[in-house]
Amino acid sequence: MRYRLIAVAASCLSAVLTAGVLRPRYGGMLRVETSATGEIGATRFAGQIYETLVRCDSHGEMKPWLATGWIHNASVGKWIFSARKNVVLPHETLWNPGEDTLTVPDTKPLDQILVEAGLGDKVVVESGPFRILNQHVGESVQLGANESYWGGRPFLDFVEIHMGRTRRDQLLDFELGKADVVEAEITDIKALKQANVVLQVSKPLETVALVFEKQTSSLTRQAVALSVDRLAMQRVMLDKQGEVSGALLPQWISGYAFLFSTAHDVSRAKALAPAGSTLLLCEDDRDKVLRSLVDRIAVDVSQAGINVRLATSGCEARLIRLPISSVNPQQALLALASKLQIAAPEWASPYAMESDLLRDGRVVPLFHLPIVYALKPNVRNWSVPCNLADVWLEETR
Amino acid sequence: MTFRTKLLIVSSLTVAGAVTIVTGGVLVAARQVFERVDAERQEALLEQFKREIKTQGAAVSAAVVRAASSTLLTRMAAEANQPEPDFASFYTDAQVLAENTGLEFLDITRKDLMVLSSAHWPVRFGYKNDWRSCIECKPNQAFLTKIPLPDGTTAMALAAFQRQGDLILLGAKRLDAAFMKALGEAPGVRTLLWVGPQECFSAGGPVALSAEFQNLVVEALRKPVVSRRIGNEAYLAVPLQQNGAVFGVLLVGTSLQQQITLERSILKIGFWVAAGGILLGVLLGWWATERVTRPVNELARGARDVAAGNWSAKVNVPAGDEMGELADAFNRMTAELVERQNRALQAERVAAWRELARRLAHELKNPLFPLQITIENMQRARAAGAQEFDETFQEGARTLLDEVRNFKTIIGRFSDFSRMPPPQFERVNIGDAISDAVRLYEAQLSLNDIRVHAQVSCAALTIDADPDQLRRALGNLILNAIDAMPNGGSLTFSVVGLEHAVRIAVTDTGQGLTEEEGSRLFTPYYTTKQHGTGLGLAIVQGVVSDHQGTIIVESGTGRGATFIIELPITQRAAERP
Amino acid sequence: MALLLSGLAQADQIEDAANTLAKKIAGHLLSQERAHLAVRNFSSLPAADAMRARAKLENALPKHSRTKNVVDVVLTFSENAAGYLWVAEIHKGEVEMVAVPTHSIPASLDRPLLTKRLVWEQSEPLLDVVQQGGRTVVLSNERVALIEADKRSDLVINVPRVRDPRGRLEVDGNTLIAYFPGATCRGTEEPLHLDCDASSAEFFLNGEKVRFMPGRNTIAGIRPGDETASVCQGKKLMAVKENVIGLLGPNGDVRDTTELPGPITALWPSYEGVMAVIRNPETEQYAAYAISVDCSSR
């Protein structure tokens, strides 16, 4: 929200003023570690390399990005985007999109057109503030500053991102000085604070949800959803971090998350659970927090008379982290549908779209968790969602 | 089954039975001794187990007391008393306490047993502790319990609890392989602790129970003590109970190897003794039966010889016992039989000569009468005058010559019968042979008003035969039929092909034969007719016999007669030209 | 249940938004039905604005005072990244959605402050107090009092006695409902009149339907001592000590506290925060304090 940004900006300013001579420094390499896997384009860092016509701002509104604006030509029934002029592509060529690229039929509402454009349905250009220098998919990516970036050259020269690292390994690397920024478990916040580690805790930007396979019975899903004691888990196991929720989107993004039930009703779950029903629940050995949550879910669900077995494959349900990629509710929901590999809901109000996604009970949201970054003291201006272009490294003495 | 076999079986069984009874008795006695020793060893181990439970229980109880008096639990008790206690801060406390005190299981609960912190199952906070099985137990008193584990199994453990303010601390140590090791098993003794369907361990680690063991455990869960032999071990299953609830089953097994070795030795000795006894029995039996069965076999052989026609057979059995007397009686019997046969043959031979003399006399007497008359006529003519003599002489000479010829014929017939040549075989069509024979006697048949019928199943039926002898034999049968039907009748030839022979049936409709006549029909010189030599049918039988065939007659008085000849289709090659 | 979402921008937009939302709620009501509002504030909307919005909304909703067909409507002042969002859940077994977009957000706010105000004091055990307009309705164990300026009307009620008496008062326009363990009294303020029946009817508490356990001092679904009032964004007011009301953050951290002159005997959500009833051991008087949260200031 805007007022929060102002607050952050104010605190940064205050830090600068206190230091007296500190100004953003150009240069240096930032070493980041993340648990995300796959192509860099599918992670939170995608926006640092690839750009779209529009982007969602911190209020969830779609704002011009590579497009500087859009007008409606009623006579041809199209929305026409105007392209930014000074966008430079990897081989130092100017981005010069064709007319077709910049026109969209007005058969859909403008909101939907903008959200889809923000998701890269129309244009994705490798024109971000950083360029890929080297990539080992799923393992590491080395980024270099885009000297000709239309928004101004980033402060950092290089960013090295190590992917697929468990949070435990990340913390180890952090302590050994092998990484400047790592993701920390929310359960480690207390300990890290006691160790005077600089932490950046985001708003809830991750949904922890139980995802059922198609073949599981609807009654079993309902019984499981009712038997899970979210509040106990959040208070004790998540150290009161994050939020308990029955919604895909966190309350601060949607504003209506409380409408989705988080009821814990074992007797109703018992009544719903088919006699002799079983559930093969998968646990991810690499994710400590999810593993302990799965263990607790198994205990809770067994109270409903469902025989739960834990496994690592062939599962009927698994607990996963779903990154919330946008502050715009509809854009976030479409991205979630894609991530969950379920049919995207019809375009409607965010509440209707979310209700649609959750209707069959295959996805049972449990918590919204913040993302916690541990930062080396010289890392400045780190923000969530990531904007590496504004990050700079203070010179270490 | 021979007498010898029976005798051998009986003697073998007797020896084997005796040895078995002795061996079994020794085995039972040995087993009882071993079982008594095993029971004592098992009892000692059970006592050791109970002592170890007490010792370990005291250790658990001490550890629980240590944990309950720790500052950590004191802090927890104070925090739990706050209006809004922070349960999150308790989450890992039990694990810390467990590590410090060496307790494998540790739950910190409220008074109502709601778990605030669990060491072995941290995520179970908020639920009631479900292994405080011993409600009546006092603090410091260890008790057996079953602790549910996250993987769905249970662990059997020795537990104790302590109160600290409004909190209850429950600690436990698992009864596992290490505990079993502490029992210190004696050689030949094996101890297993069954805790649940999927959990059983010995001092060496987890053990997968076979179906036999599982059955034993199931039985032990219902009865106080069950003992059973499984494989080479004898097991005693004792349910472990606390306040009426069964937490597991202790299985104490003692090796039966020594017992089995002894039993095997006894069995081995018993086997060899039985085998030796049986062998000796066989040899003795053989000797004994040899003495008994040899004369019997000799008698049997003699009887078989007599049956085969050797009436002079004798058996050679030493005298002196019952078998010797039997042999003497047999030899006397055969000697008597031979003597009687000789007498019968002699009588038959005399009878044959008499018949031959009668026949010769009859045959020769017939031509003698005309000779006598002729000579007397010629004598009378001589006396009457020369002319009449000449006339009479001429006629008388002719008659004399005829009768002399007649004499020659009679003598020739006898001569022919005695000098019948061996047959000269060639392929002869039976139908043709019958036709030729009938044709020879066509005039006589016709004269006697006899109709001839022929039924030949296959016109081209040929056999190896001497055509002249065959015709002669058939001719004799035709002549015999003509004689049998003086008032006419019908003569039927029927030929039927068999597998390796042909059957020729010659049937007349004459007066038939009596039984006695039938039995003597083929005897030479025997005839029922007033004329003839009685050689006709004997010749027929001779021809048939020379052709390796058979002839029989079927007849009855007034029913006519049928002569049935069977001749082989082929003769042996050496006999063919 | 119907859901009506409305975004609100600025303070002067409250009236427009309330009117719009009221129209949309009314669109789901039949001519014989009357909406019964229960309000909760999950947003940073200042308590005063929330109260104003509620009043505007109630005024804008159609009035059918004689009808008995009451439709419960839970109005939640919520908020998302784009601004305020008003969510109305119409408990009619159907789902609908109405949105009122908003584009601006009032001044930043973070740390709310608690203020307390003595509303009523009496020697007789006090169960609940509601202030509406210039009137104060006081619920005691055996009577209801209506105070307006210097004028006071008393109505004696006869409900089953409980050793630790509790009661909840709801004032909705002229309608007056008093809930007791084992009894419910319905009536009007003007004239002051109540009809009681021997049943524990359900009422809304923080958007949840609850009811008193007959013959007990507990509320079904709430543990004793867990009475809270949700305010601002994920924050709540509750007794953190026997005489202290605390403002707890979403993570359970205490943001602010206010001390009262005696142990709290009742704590009910109110428009501005909570109404706390205490018994002052020194004066042996029962007193009701209105505790309000200023969500708009740090």
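**Close-up 1. Asp172(C) stands opposite Thr175(C) of strand E11(C).** The model is predicted; local features need pLDDT of at least 70, side-chain atom pairs count only at pLDDT 80 or more, and totals for chains, interfaces and linings use all residues. Residues are numbered from 1 along each chain as its sequence is written, and chains are lettered from A and ligands numbered from 1 in the order in which they are written. Five bridges join E10(C) to E11(C) (residues 175-180) in the antiparallel sense; two strands pair if DSSP finds at least two bridges between them. Strands (E, at least two residues) and helices (H or I, at least four) are DSSP runs, numbered from the N terminus.

**Close-up 2. The open sheet of chain C has four strands in the order E10-E11-E12-E13, with antiparallel pairing.** E10 (168-172) and E13 (193-197) of chain C are at the edges with a single partner strand each, so one side of each has no neighbour in the sheet. From one strand to the next, the twist averages 15°.

**Close-up 3. Helices H10 (residues 329-340) and H11 (residues 350-358) of chain A have axes that come within 9 Å and cross at roughly 15°.** H10(A) is therefore roughly parallel to H11(A) (angles under 35 degrees). Axes are lines fitted to C-alpha atoms, for helices over the stretch in contact, and angles run from 0 to 180 degrees between N-to-C directions. Pro329(A), Gln330(A), Leu333(A) and Ala337(A) of H10(A) make the contact with Pro350(A), Met353(A), Glu354(A) and Leu357(A) of H11(A) (C-beta atoms, placed from the backbone, within 7 Å).

Notes. Parallel < 35°, antiparallel > 145°, perpendicular 65-115°, else oblique. Contact = placed C-beta atoms within 7 Å.
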